[in-house]
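Please look over the structure shown here before reading the notes on helix packing, aromatic pairs and single residues.

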Amino acid sequence: MQKRTPANDMRTSLRGIANRARRDRKARFRDVYRLLNEENLRDCFYRLHRSAAPGVDRVTFEEYERNLDTNLADLVKRLKEKRYRAKLVRRKYIPKGNGKLRPLGIPALEDKLLQKAAAQVLTAIYEQDFLDCSWAYRAGRGPREASRVLEHQLHYGKIGWVVEADIRGFYDNISHEWMMRMLEERVADGAFLHLIGKWLKAGVLEEDGKVMHPATGTPQGGIVSPVLANIYLHYVLDLWVECSVRKECQGEMFMIRFADDFVTAFQYRADAVRFKKVLSERLGKFGLAVAEDKTRMLQFGRYAPEPNEKFEFLGFEFRWVRRRAGKMGVCRWTAPKKLHASVRAFTQWLKESYHNRVSRLMKEVSRKLSGYWNYYGVRGNMERMNRLYYQCRRLLFKWLNRRSQKRSYTWEGFEAMLQLFCVPTPRIVELPAQPSLL
């Protein structure tokens, strides 16, 4: 018999919530705030990333852990007495790769801890409602698998037109009012909803020291933000496409969404035109807008005139090509801009790190290349992976020979060193089995 532990109790409670949510699609949960107790929060604490950046209070994981029991007891007391206050979110900007910056929000550690517990509760409830078209931030689902399902659907489905779309500034424009109304569909615990409202309304400390109080949005980077984003788009987009758009289509259609990026495919042009036309109106109702520069309709079908149009999604380029046997097929290759961005990032890293010990340098090279092959190692993509590998080898050879005035390596010696440190070469990691389309 398994010994009862706080972690087991938490998982049992979440399993019960999930089972009830699955059985009764209209059930509203009234007593979830009680799950924010010391035992459950301790379990959530050890699920946080130890090396994550601290928030405005500069409290790190190790500092909070030194007096964990006291800190948790004080936090739970403040929750029970309704004295808990969400701290400011520290803003951090990181490069996106296209010259722009992505704003991230870094909550304080106690806010991260509570958000982790709240996210588990919301996931247990709403995971039963989410549709198969939703692929982001869900267990057992990832971008590479989403791209594989998309490739399969495009190849074997009756598809002639594709609408690729992106929502402009999605995380910054989520309506707080609509967000709370959506949560109230499944959660009837006022204290729990009030807690989420505090995170939505928390001020943001910018890098220049200014404090902003946004009227909309949820910080991208908060632990609870991914599930809130999925809930929002579940009602705004997924259910609308499934219950309204699909019924109005004259032919086949499907949608795959990863966070705020989505691709919708149609059999007939008229259906695609109608969807693209009403999409802006639908999003506008909930305070959102399409990114015009990233939204377009294109012809994409087996019998479309050659050369066929192409599009990019989740770092891959999708296009119809004529294969050796003469038949048309959908190929999924590394998107050119992602390939170029990877080479630029590798070059910049080499400029900053080439003076390190060779063993340390090669270990990091192996880590970077392994991560690339693990994502882009899909069937049919070997040529573009080889292209990246060639560029990385050439750059590594160049910078290693700059470590001293005398040339350090010949090509023969360089290749021997790569083998000595087991630097991974391009490989296909994707299994050949067809994905399950539910």
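The points below are grouped by topic.

This is a predicted model, in which local features need pLDDT of at least 70, side-chain atom pairs count only at pLDDT 80 or more, and totals for chains, interfaces and linings use all residues. Residues are numbered from 1 along each chain as its sequence is written, and side-chain values use heavy atoms, with hydrogens and water left out.

**Helix packing**

- Helices and strands are DSSP runs numbered from the N terminus (helices H or I, at least four residues; strands E, at least two).
- Axes are lines fitted to C-alpha atoms, for helices over the stretch in contact, and angles run from 0 to 180 degrees between N-to-C directions.
- Helix α5 (residues 109-126) and helix α8 (residues 190-201) have axes that come within 11 Å and cross at roughly 130°.
- α5 and α8 are therefore oblique to each other; angles under 35 degrees count as roughly parallel, over 145 as roughly antiparallel, 65 to 115 as roughly perpendicular and the rest as oblique.
- The α5 and α8 crossing is left-handed, a term for a near helix turned anticlockwise from the far one by less than a right angle, with clockwise giving right-handed.
- On the α5 side, D111, L114, Q115, A118, V121 and L122 meet F192, I196 and W199 of α8, where contact means heavy atoms within 4.5 Å.
- The contact of α5 with α8 has seven nonpolar, one polar and one charged residues; Ala, Val, Leu, Ile, Met, Phe, Trp, Tyr, Cys and Pro count as nonpolar, Asp, Glu, Lys and Arg as charged, and the others, Gly among them, as polar.
- Helix α11 (residues 336-353) packs against α13 at an angle of about 20°, with the axes 10 Å apart.
- α11 and α13 are therefore roughly parallel to each other, and their crossing is right-handed.
- Residues of α11 in this contact include P336, L339, F346 and K351, and those of α13 include R384, L388, C392 and W399.
- By class, the contact of α11 with α13 divides into ten nonpolar, three polar and three charged residues.

**Aromatic pairs**

- Rings of Phe, Tyr and Trp (its six-membered ring) pair if their centres lie within 6.5 Å; planes under 30 degrees apart count as stacked, over 60 as edge-to-face and the rest as tilted.
- By this rule there are 25 aromatic pairs.
- Y46 and F61 have ring centres 6.2 Å apart and planes at 70°, so the pair is edge-to-face.
- Y46 sits in the loop between α2 (38-45) and α3 (61-66) and F61 in helix α3, 15 residues apart.
- Y46 is partly exposed at 42% relative accessible area, while F61 is buried at 3%; buried means under 20%, exposed over 50% and partly exposed in between (1.4 Å probe, protein chains only).
- F300 and F311 form an edge-to-face pair, 5.2 Å centre to centre with 70° between the planes.
- F300 is in the loop between β8 (296-299) and β9 (310-313) and F311 is in strand β9, so the pair ties together parts eleven residues apart in sequence.
- F300 is buried at 0% relative accessibility, and F311 is buried at 1%.
- One aromatic cluster is formed by F316, Y372, W373, Y375, Y376 and Y389.

**Single residues**

- R393 lies in helix α13 (residues 382-400) and counts as buried at 18% relative accessibility.
- Leaving aside neighbours within four places in sequence, R393 contacts W411, F414, E415 and L418.
- K285, in the loop between α10 (269-284) and β8, is exposed at 52% relative accessible area.
- K285 and I231 are 54 residues apart in sequence and 16 Å apart in space, C-alpha to C-alpha.
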